[in-house]
Amino acid sequence: MERKLATVLFVDLVNSTGIVTGSDPEVVRRRVSEFFEKVSHCVTLHGGIVEKFAGDAVLAAFGIPQAHEDDAERAARAAIAMRKAVDELGLEARIGIEAGELVVDQTRDSSFVTGEAVNLAARLQQAAAPGEILLGPTAYRLAGTSLVLEDAGPLELRGLGAVQRAWRVVDALDGGGRAVGPRAPLVGRDTELELLHNTFARTVRDGRAHLFTIYGEPGVGKSRLAREFVDGVERASVLTGRCLPYGEGVTYWPLAEMIKAAAGISDDDPLEEAFEKLRACCAEETVADVLGLASGMLETLDGERSAQEIAWAARELLETLADVQPLVLMFEDIHWAEDPLLDLIEHIADWVRAPLLILCLARPELLDARPGWGGGRVRSTAIELEALSEEESKLMVEKLLAQLAGMTGEAPLELPAEALERTEGNPLFVEETIRMLIESGRGDGRADRIPDTLQALIAARIDHLAPETKVVLQRAAVIGRVFWLGAIEQLSPDLENVEGLLDDLLQREFLLREPRSSISGETAYRFKHLLIREVAYGGLPKLARAHHHARFAEWLGERAGDELLEIRAHHLDRAVEFLIELEGAPPEELAEQTAGALVKAAKRAIAREAYVTARKLGLRALELRPTLGARYVAARAAWRLQDWAAVEVEMPKVREQAREQRERVMEAMALTALGDAALRHGADMPLARAFADEALEIIAREDDPGAHFDALTLRASIASWQGSEEDMVRFMERAYVIALDAGRKDLQTIAAQSLARVHIVRLELDEAELLLTRALELAGESGSVRARVSATLSYGWFLIVKGELDAAETVLEEVRTSAAELGVEPAVAAALMHLGWIARLKGDHKRAEKLLREALRMTSVRGDRGMLPDYQAILAATLADLGKLDEAERLALDAGTNASTDDTSCRIAATTALAAVRVGQGRDDEALALFHDALALTRDAKLPVFEVEPLERLTAFLRDRGRDDEAVAYAARLAELSPPATNTARIA
């Protein structure tokens, strides 16, 4: 059984009942037999087969068993011949033609085809008028330029529902010829090649990175131009990496290829040996740690790694390499790249100060997903490779045919003008067309027609292969663009001399030999073009695909262990998908194996802070097997994404299942996640505290510092929100000790900056500065961008309290940018809130309003009720200063209503904001009472930092009302507190 791109033709006699009525049976039989003979002759004459007879109708197929590049055209020409032959018999027929993917079963005495094209061709035949040939949309796309057609308009075909376009075949145009040849030379790209070399020379001269993107449609010559440039570069290192068009968890695959090549690492190197090679290549151990994780050499390191950390580490390594010798990085097929990799490439282009040329090859659809790619950069160049001109195409053909003549010793062939025109200036079309001419044995230069799509051309080339060679090509396509000899042998126990068959494919230039294999001891090959791989893969039936995906995953596990875990998980998952589609369910053992691999891949994605990928992988594993591991990793990814709705639904299930299986650490982590959701999303501090206390009780008996730290941190956050700074310090100091004992610098950073916030609240700024300095140092040493963002956010608040507003603004803008790149919206909102406060302190109330509205919008959309009243109160106070009293009053009242009774700092902010509104409204007695209420709250909770704003506003209010004597005491208290106006908002 095989899947093929083929064309189907249905022909049926018109008024067959009338022919029979009143006629001699022998005469009728002779006329109908003549009809069948004429029709069958027309089919076979044009290279098709008669599939079956049904009553007075004939079903014929073109492209079975042997595909041709012009099967749709052959079917149309056969139909025109049929119409003429049937007319000569004094009869009329209706004909319908359509092309498409068919499933072909050739295990019987005759072939048997099924597919949508069969149904559509039958319906077109029924809709046709007597003597009419109707062409369906796919057949039109394949053969339309070879025919004289009339638009038959949209048709409502019985049983198909949707309206279908169709065309009436009038006649066929005269055909031309085709040719074949060796590898295409570089033609018509002199300007582009010169620009590449000039750009590289400037890169070396200036010692700065430059981004160079080559856009072009498949086959237009992007890779050919890049190879010519790379081959011509002297005294430079070249690293290449390809983006895979499939799978989760392969975000940094091209980077991993480059890193491993630079360090001399093979994918099957023992982990210790591979990591030693990497460390020897990197100037700093921290750089090696992060890149080891990104490359799949390490499971975890000091917590989780984000895209920003990986970009930083990559930058450090590349600058080291480029300082030794100018460096060229070639990223192939970046239209398949995920956003973090595109971010990384742009980051390198912006920040590397060394002679580095980043060369990216992409299809134009990259700009659909990334409209601003490369934009706004001084050191960025983009070119689009257009189709060759007619003169350039002719020159290319001449060179190819001259090379062919040199190899065969015969006079050069001539490619007809019609064939050259059909290539549309695409170098690959030209090259494949010439090669098809040779392989089809038509060395006289008079091939019937060239294919009008590359898919049809490649499918035809593949079908010209010997059966065993074709099988090898299709099985290689299961693996991917790059594959290994050992893997093909694993998939082909039924074949002998697999290496010889691969050599044949190399000679025919379906494949190229990879200069470097990522698995030591294995010969690696690459499909010459991605489309060759896609067409070959498409020819396999889904059951065969499932079998081969599973076999390859088994081989990959044996040869590379967990080094290529994400790729193995992808292939297992593909096998399962096909089996579910075909048989309803996969075998139990395969489903279990696949789910396990997906869970491992999800854990590694979490370690890289690739939470979206981890979430997808975890949910997929959960679909296959609702194990605790799958449920936990999916829910944990949701937790890290702060998808509180998912956390509130999924973590209770994790908790219950973990309790049943006595997995105490997972149970504690589920409780901590639920407590975090209750606090930040539900603003339910009693419930959050209950979850946190239960988690602490469980984890106290377990040896898991990370889980223990998370539970203590949650408990400290609850205490802080309640205004109990003593409890907050007590819990956070315990967490700090755990982080120290575990050697986790990322956790130490979180603990240090949390303790620093306590000192800020108490206005103990010297102590706060010492802790924040240490927190920032630890963040740098750990390489954790997430920890650094948190510490820097606290440092920005500290600078505001200290009155260093310009420095604070610089720091917080950096936090805002980093948090946005990380996708951590609560940190973005917190940075916006602080920046809004700075703008207000500087007197720019309009900017303050804009920034605070955005912070509130983000928080509202997320439904984070824990932080919502804080931002409502801050914006309300700002609007009161602007005189927008109605909206300010509403927000201040909402803030007071939404604030939990235990949330002291929020109640202070809400009360102060409402007092500011009452001042603006001239309701002085109410304003004075509210100011006194806010100050009482600060004194009772011992929160001096939150005392500053109500004191400032009260002092200004009294002086404005001429009550200077009353203002003296409050001004004196302000002087005692000493720091200037400060941000009273809590850090998220």
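**Entry 1: salt bridges**

I started with a count of salt bridges, and the total came to 74. I note that the model is a predicted one.

I then picked out single pairs. Arg481 and Asp333 meet through their side chains in a salt bridge, 3.2 Å from N to O. I looked up where each partner sits. Arg481 is in the loop between helix H18 (467-479) and strand S14 (482-484), and Asp333 is in the loop between strand S11 (327-332) and helix H12 (339-351), so the pair ties together parts that are 148 residues apart in sequence. Are these two residues buried or exposed? I found Arg481 buried, and Asp333 is buried too.

**Entry 2: helices H41 and H42**

I moved on to H41 (residues 924-941) and H42 (residues 948-960). These helices pack with their axes 10 Å apart, at an angle of about 150°. Over 145 degrees counts as roughly antiparallel, so that is how I describe H41 and H42. The crossing of H41 past H42 is left-handed.

Asp924 pairs with Arg961, and their closest N and O atoms are 2.7 Å apart. Asp924 belongs to helix H41, while Arg961 lies in the loop between H42 and helix H43 (964-977), so this pair ties together parts 37 residues apart in sequence. I logged Arg961 as partly exposed, at a relative accessible area of 29%.

**Entry 3: a network**

I checked one link inside it. Glu813 forms a salt bridge with Arg816, with 3.7 Å between the closest N and O atoms. Both residues lie in helix H35, 3 residues apart, which is about one turn of the helix. Glu813 is partly exposed, with a relative accessible area of 26%. Arg816 is also partly exposed, at 28% relative accessibility.

Asp806 was my next stop. I placed Asp806 in helix H35 (residues 805-822). Its relative accessibility is 56%, so Asp806 counts as exposed. I also took a C-alpha distance: Asp806 and Ile838 are separated by 8.6 Å, though they are 32 residues apart along the chain.

**Entry 4: a nonpolar patch**

Which residues make a nonpolar surface patch of about 200 Å²? I found Val148, Val170 and Leu173. I traced Val148 to strand S7 (residues 147-156). At 33% relative accessibility, Val148 counts as partly exposed.

Key. Residues numbered from 1 in each chain as written. Predicted model: local features only at pLDDT ≥ 70, side-chain atom pairs only at ≥ 80, totals over all residues. Heavy atoms only, no water. Patch = residues over 30% accessible without salt bridge, like charges linked within 9 Å, V, L, I, M, F, W, Y side chains within 5 Å. Areas by Shrake-Rupley, 256 points an atom, 1.4 Å probe, with all protein chains shown as cover. Salt bridge = Lys/Arg side-chain N within 4 Å of Asp/Glu carboxyl O. Helix = DSSP H or I, 4+ residues; strand = E, 2+ residues; numbered from the N terminus. Buried < 20%, exposed > 50% of the residue type's maximum accessible area, 1.4 Å probe, protein only. Axes fitted to C-alpha atoms, helices over the stretch in contact; angles between N-to-C directions. Parallel < 35°, antiparallel > 145°, perpendicular 65-115°, else oblique. Left-handed = near helix turned anticlockwise from the far one by under 90°.
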